[in-house]
Amino acid sequence: MKKILKKRILIPFFAITIFITGSAFQNDFFEIAKQIEIFTTLYKEINMNYVDETNPAELMDTAIKSMLKDLDPYTQFYNEQDVEAEKIRRTGDYTGIGANVRTMKDKLIIIEPYKDYPADKAGLKAGDEIIKVENTVIANYKDDAGDLLKGTNGSQVNVTYLRQGKEFTTKITRSEIEIDAVPHFSLVDDKTGYIVLNKFNNKASQQTGYALRDLKAQGAERIILDLRGNPGGLLLEAVNVVNLFVPKGQLVVTTKSKVKKYNRSYYTQKEPIDTNIPLVVLINGGSASASEIVSGSLQDLDRAVIVGSRSFGKGLVQRPKPLSYGTQLKITISRYYTPSGRCIQALDYWHRDENGNAVRIEKDKYNEFKTKNGRKVFDGGGVLPDETLNVNENTAITNAIQNDFLIFDYATDYYYKHPNLNVTDFELSDADFNNFKTYLKTNDFTYVTETEKALEDVLKSAEKENLDDNIQKDYNTLISNLNNSKALAIDENKDDLLTLLTDEIVKRYVYREGLYDYYKVHNLEIKKAASILSNPGTYNGYLK
């Protein structure tokens, strides 16, 4: 017992050592040491004296996460497994079966097999439910079942899975997996190249540069760079992607922090590939961080026309800090600013509302800046496109349907009911949408709105005060009206739901690579970008 306690008590003292190494903490050292001592004694007393058995690791994990919750959602603690996952995200390399897999308590679901990788070669398809790996039944496995699929390059693993209620087995030969930052590039027409950049790992600029050179060799005289849904990644890779289109020595982004050594200005370091080729960048609400550095700086430099919908608005920079026992802290160290001087951070995590939620910076508080050519741009709410299209972001009810995997499951059923579908001109009909609504009912889709939660809280308060008899009838009426509104909301989001369904269904037949080919023909934003690029007068008009 004494040895265990000694280990517990040592942990905070290691933390003190870490704290005092940073010069920024010197002035606060006494207060930091005082609070750590309080925490140490509290932690010791709880573990020694609490009436029931405690789990020291779980207590510490809860304490750390609760502390970080008051900062911002990007400052995170990583255990050893998380550190490995983060390494994969940065490099894009790992050894495995080559599929996006969802872990559930009794099964592993194949969300997306990557074309020509082990899972695909073994015949696995999206929607397959792995119930056993070798002799291990997933339902009986207490740890992360996804780890069962990992192994060394060339090793084999037998899996048992369910498909449409029938049981199958297959053998998968694991291999090294390389996740491309650029999963697709091709010509939209004989003069317009299209590049999809979906993450900023350490291959981003190299693969984007390769795609740009290849498309130019094929005859491309203008380029569409698609950053929609790209959540960001490595800041230096964002700078290098901008460098493909702007001269060496150009300021791309500045970071500002309370710690002086983190105050940096990032300039392009290499000779560009093409500083004149007309460029349109596509963004949406899923384009964040490094995507906003690229789109925001190219906009500030009047080097590209930005098309789509307002970006996410993440103007914060994180840096990993190694901790003891292989753990890590990813901590927000600074804000970034585009060449015009604007920070596009949309949420204020440091001045929260009465419910503790981060507040969105109001439009009347945006500051005006000027691009290189004198065009007006603004901070505070993400990157606003030069050509804003009426592309709706997912609503709460659409997100609820997605989070319940009902779009995914419907696409699985659709695929097996239509085995020979030609997706070239595929389009879902009104009858298909009605079938989907029936599918939602059949699968007992329910969605609790924030309004319902608030009304329920009011009713509970009224019950405590013996006032519920007076408001019960009105409450029932309001709930009935809300249910009617929710039913109408599905119809009101018809276009968005059909788009999500179409994307998921097309992927089943032609993989993600084929989905991008489908977009080139059917997607509104790509059509608009190609139209702008095909008319030099229109293109240049945006930049003046």
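This is a predicted model: local features need pLDDT of at least 70, side-chain atom pairs count only at pLDDT 80 or more; totals for chains, interfaces and linings use all residues.
Student: At roughly what angle do the axes of helix α14 and α15 cross?
Tutor: Start with what a helix is here: helices (H or I, at least four residues) and strands (E, at least two) are DSSP runs, numbered from the N terminus. Axes are lines fitted to C-alpha atoms, for helices over the stretch in contact, and angles run from 0 to 180 degrees between N-to-C directions. Helix α14 covers residues 494-522, and its axis comes within 6 Å of that of α15, the crossing angle being roughly 60°.

Student: Okay, back to the helices. Which word describes how α14 and α15 sit to each other?
Tutor: Angles under 35 degrees count as roughly parallel, over 145 as roughly antiparallel, 65 to 115 as roughly perpendicular and the rest as oblique. The axes of α14 and α15 cross at roughly 60°. So the word for this pair is oblique.

Student: Which hand does the crossing of α14 and α15 have?
Tutor: A crossing is left-handed if the near helix is turned anticlockwise from the far one by less than a right angle, and right-handed if clockwise. For α14 and α15, the crossing is right-handed.

Student: And α7 and α8, how are they arranged relative to each other?
Tutor: Their axes are 9 Å apart, and the helices pack at an angle of about 30°. Their crossing is right-handed. With that angle, α7 and α8 are therefore roughly parallel.

Student: What about helix α10 and helix α11: at what angle do their axes cross?
Tutor: Helix α10 runs over residues 406-417 and helix α11 over residues 430-442, and their axes come within 11 Å and cross at roughly 120°. That makes α10 oblique to α11. The crossing is right-handed, and the angle you asked for is roughly 120°.

Student: Moving on to charges, how many salt bridges does the whole structure have?
Tutor: Side chains of opposite charge can pair when their charged atoms come close. A salt bridge is a side-chain nitrogen of Lys or Arg within 4 Å of a carboxyl oxygen of Asp or Glu. Searching the whole structure for such pairs gives a total of 18.

Student: Arg-228 pairs with Asp-226, but which residue in helix α15 does Arg-228 pair with?
Tutor: With Asp-226, the closest N and O atoms are 2.7 Å apart. The other bridge of Arg-228 has its closest N and O atoms 3.3 Å apart, and it links distant parts of the chain, 297 residues apart, from the loop between β12 and α7 to helix α15. The partner in α15 is Glu-525.

Student: Asp-302 and Arg-375 meet in a salt bridge too; how many residues apart are they?
Tutor: Their side chains come to 2.7 Å, N to O. Asp-302 counts as buried because its relative accessibility is 9%, and Arg-375 is buried at 11%.

Student: Which helix holds Tyr-511?
Tutor: Tyr-511 also has a positive phi, about 60°, without being a glycine. At 23% relative accessibility, Tyr-511 counts as partly exposed. The helix that holds Tyr-511 is α14.

Student: Last one: how far apart are the C-alpha atoms of Val-259 and Gly-326?
Tutor: Val-259 lies in the loop between β13 and β14 and is buried, with a relative accessible area of 17%. Along the chain, Val-259 and Gly-326 are 67 residues apart, and their C-alpha atoms are separated by 25 Å.

Key: Residues are numbered from 1 along each chain as its sequence is written. Side-chain values use heavy atoms; hydrogens and water are left out. Buried means under 20% relative accessible area, exposed over 50%, partly exposed in between (1.4 Å probe, protein chains only).
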